[in-house]
Amino acid sequence: MAHTESPAIAVWPGSAYPLGATYDGAGTNFSLFSEVADAVELCLIARDGTETRVPLEEVDGFVWHAYLPAVAPGQRYGFRVHGPHDPKSGHRCDPSKLLLDPYGKAFDGAFDTDPAVHTFGSDSLGHTMTTVVINPFFDWASDRAPRHPYHDTVIYEAHVKGMTATHPAVPEELRGTYAGLAHPAIIDHLRGLGVTAIELMPVHQFMHDQTLLDLGLRNYWGYNTFGFLAPHADYAATSKAGGAVTEFKAMVRAFHEADIEVILDVVYNHTAEGNHLGPTINFRGIDNAAYYRLVEGDLAHYMDYTGTGNSLNARHPHTLQLIMDSLRYWVTEMHVDGFRFDLASTLARELHDVDRLSAFFDLVQQDPIVSQVKLIAEPWDVGEGGYQVGNFPGLWTEWNGKYRDTVRDYWRGEPSTLGEFASRLTGSSDLYEATGRRPSASINFVTAHDGFTLADLVSYNDKHNQANGEDNRDGESHNRSWNCGVEGPTDDPEILSLRARQRRNLLATLMLSQGTPMLAHGDEMGRTQHGNNNVYCQDSPIAWMDWSLAETNADLVEFTRNVIALRAAHPVFRRRRFLAGGPIRSGEQARDIAWLTPAGEEMTAQDWGSGFGRSLAVYLDGAGIQEPDHRGRRVVDDSFLLCFNAHDEALEFTVPDDGAGAHWAVALDTATETGLVDAVVGGGGTMKVAPRSVVVLRSVP
């Protein structure tokens with residue numbers, strides 16, 4: 001395409017900070033870091049595709065910059081970086097490539113299948129997206145961050161498009177968008193459940209892998225980022241260039257008005273440029289050796305701790321700056337309330353090993369903005385030594401993979417799980433207490449986007465990923481699932497009843513465990529992916545929410561609502577500190593927890609070690625809560641007895657007798673469709689607990 005070498009527009013020196021394109025109301029400052037560059041050109045792209053190149057003459061500390069007083073929001077732009085192209089030395093500059101701004105706050109257009117983005121010397125203009133100058137001004141009105149403490153938090157993991165693609169109450173033109181997610185029908189559903197935070201799967205600008213496009217598929221999940229400061233343009237209802245920014249802000253404002261926090265799933269461990277054969281979009285052509293971890297002694301190739309082809313170089317100061325600037329931007333300008341870090345162990349790799357005291361965590365610890373929001377780690381990557389559950393620093397919470405595995409194993413009847421089940425139920429002190437953290441550091445989950453849905457977890461023993469085009473080789477093969485006797489769909493009423501009960505068992509366990517619960521979107525209504533446990537490429541009804549299930553499985557929605565309400569109403573299930581245990585009575589101090597056999601006797605070492613043990617009762621004393629409320633007042637709650645029966649036969653549970661004539665009311669019974677039962681048991685009496693079910697009893701005078 002045609003381009004102009006000498007622009008007839010004013011160019012001022014500008015400033016090296018802030019990086020990216022910054023509109024101040026009169027003009028725009030452009031700034032780009034590249035230590036390897038010999039020269040950098042700012043490329044202004046007109047609507048007809050015509051390119052005007054502006055040499056950046058000012059360089060301070062390897063930051064190339066200029067101020068253009070005539071450039072306003074909506075302007076499309078990119079960069080061309082002149083420098084060495086020597087892959088063996090780790091350098092891959094190519095001025096034929098129109099490079100996107102790493103600090104771009106909006107992107108426009110699309111990538112096509114032309115090989116120009118891959119081929120050295122081929123001009124990629126017209127075959128790649130462009131960066132867009134945005135208008136940063138937005139009326140936040142009286143927006144206020146909800147700031148729910150972790151122990152009061154219930155997280156709902158969701159996908160922007162999947163949540164809204166088929167909702168009948170969301171206008172068709174808004175489905176699959178930020179505006180659709182902010183629709184009252186969606187917010188009312190979440191508020192009705194009792195959700196306090198929505199955790200959005202990646203919304204940073206990402207691209208679709210060519211291999212998937214060749215198969216007629218798309219990168220649905222979005223773990224293929226190249227723009228860490230831009231909301232994904234395809235999720236915007238507006239077609240206006242840069243309009244996704246305003247629409248995203250309006251969505252956050254709507255959630256905050258409903259007292260719901262917004263948490264972003266962020267992917268700072270790798271980028272969409274892939275391995276040495278991948279496209280040159282931005283980082284590779286700007287400063288390859290600064291932005292990526294290269295193989296020592298073989299700089300033409302990338303270290304891959306993520307399974308995606310490359311790993312971001314979190315050791316380099318400018319890469320660290322990009323990550324921290326991105327995080328601060330989303331908090332200060334987009335008003336989000338926290339982050340879940342995908343494959344967070346990658347960010348902890350200083351050299352080869354994972355180091356929880358790496359520079360990234362030092363920066364987060366001292367940052368006055370980022371350190372004050374919710375920080376959730378996915379505490380593993382695919383590299384050696386990458387499984388780091390329990391090893392992150394004090395500010396951090398973690399997806400507790402051990403919780404997921406143990407709870408699944410217990411309810412599917414695996415032997416010798418009672419002891420670990422008890423530990424997971426009470427906040428996993430074995431993982432988090434040594435680092436000074438609280439039970440809320442454990443983000444408890446049974447299902448998430450990656451793996452089976454809750455409905456599929458109790459309906460399939462094996463993955464069924466044929467639709468992904470990889471001959472069922474992709475996805476986890478060891479799912480700790482149980483199909484209850486038949487693989488997949490069935491009309492057998494007994495199996496359907498058992499599956500429904502197992503769903504309720506898992507939900508009840510999740511919501512009544514100490515720690516911070518996370519519910520995967522659609523699990524409250526029995527969403528199915530038909531046995532597909534890896535829908536990363538399924539931008540289709542396989543992965544979308546089927547909202548008709550909210551009526552078909554209205555009882556499950558009601559059960560979820562009831563068990564979340566039970567948790568919210570009783571601080572005994574939301575302890576801020578780890579349970580102490582100790583003697584039944586020690587002077588004035590009540591014991592906060594006791595572990596009992598179905599016969600009402602304290603569990604012995606033999607009981608805990610029994611390989612066939614499937615049942616236990618947990619006594620939680622409402623008078624034994626040691627931590628005060630936020631005003632320093634003592635917290636006193638009702639006492640509860642949780643009766644877990646994973647046997648295939650009903651069991652009699654003996655309830656405690658306090659000698660004061662207290663009775664026990666059934667607060668929840670997973671053998672019933674909504675969990676609610678109007679029944680009372682006298683102290684010292686017995687309660688029959690149905691096969692594979694949970695009964696929760698509340699002490700009443």
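Predicted model: local features only at pLDDT ≥ 70, side-chain atom pairs only at ≥ 80, totals over all residues.
**Entry 1**

I began with the empty space inside the protein. Rolling a probe the size of a water molecule over the atoms shows where such space is left. I counted six cavities of 30 Å³ or more. For the largest cavity I noted a volume of about 80 Å³.

The largest cavity is lined by V407, R408, W411, R412, L457, V458, R480, S481, W482, Q502 and L506. Which elements give two or more residues to this lining? I found α9 (401-412) and α13 (493-512). The top contributor is α9, which gives four residues. By residue class, I wrote down six nonpolar, two polar and three charged for the lining of the largest cavity.

**Entry 2: an open pocket**

I then turned to the second largest pocket, and its volume came out at about 580 Å³. How many residues line this pocket? The list has 28 residues, and H148, Y150, Q372, V373 and K374 are the ones that lie nearest the centre. I sorted the lining of the second largest pocket into ten nonpolar, nine polar and nine charged residues.

**Entry 3: α7 against α8**

Two packed helices are described by the angle between their axes and the distance between the axes, so I looked up both. The axes of helix α7 (residues 317-332) and helix α8 (residues 359-366) come within 11 Å, and they cross at roughly 35°. Is the crossing left-handed or right-handed? My note says that α7 passes α8 in a right-handed crossing.

For the residues that touch, I have L320, I323, M324 and L327 on the α7 side, with A359, F360, L363 and V364 on the α8 side. The contact of α7 with α8 divides into eight nonpolar, no polar and no charged residues.

**Entry 4: aromatic rings**

My search of the whole structure for aromatic pairs found 37. I picked one to look at: F248 and W330 form an edge-to-face pair. The ring centres are 5.2 Å apart, and there are 75° between the planes. Where in the chain do the two partners sit? F248 is in helix α5 (residues 243-257) and W330 is in helix α7. This pair links distant parts of the chain, as its residues are 82 apart.

**Entry 5: backbone details**

I finished with the peptide bonds and the phi angles. Which residues does a cis peptide bond join? I found one between Y17 and P18, with omega at about 0°. P18 belongs to the loop between β1 (3-4) and β2 (20-23).

I also noted two positive phi values. H335 is not a glycine, yet its phi is positive at about 65°. I placed H335 in the loop between α7 and β20 (338-341). C484 is not a glycine either, and its positive phi is about 65°. C484 sits in the loop between α12 (454-457) and α13.

Note on methods
Residues numbered from 1 in each chain as written. Heavy atoms only, no water. 1 Å grid on protein atoms, 1.4 Å probe; cavity = no way out; pocket = protein on both sides within 12 Å on 5 of 7 lines; lining within 4 Å. Points joined across faces, edges and corners; volume = space filled by probe spheres on them. Nonpolar A, V, L, I, M, F, W, Y, C, P; charged D, E, K, R; others polar. Axes fitted to C-alpha atoms, helices over the stretch in contact; angles between N-to-C directions. Left-handed = near helix turned anticlockwise from the far one by under 90°. Contact = heavy atoms within 4.5 Å. Phe/Tyr/Trp six-rings, centres within 6.5 Å; stacked < 30°, edge-to-face > 60°.
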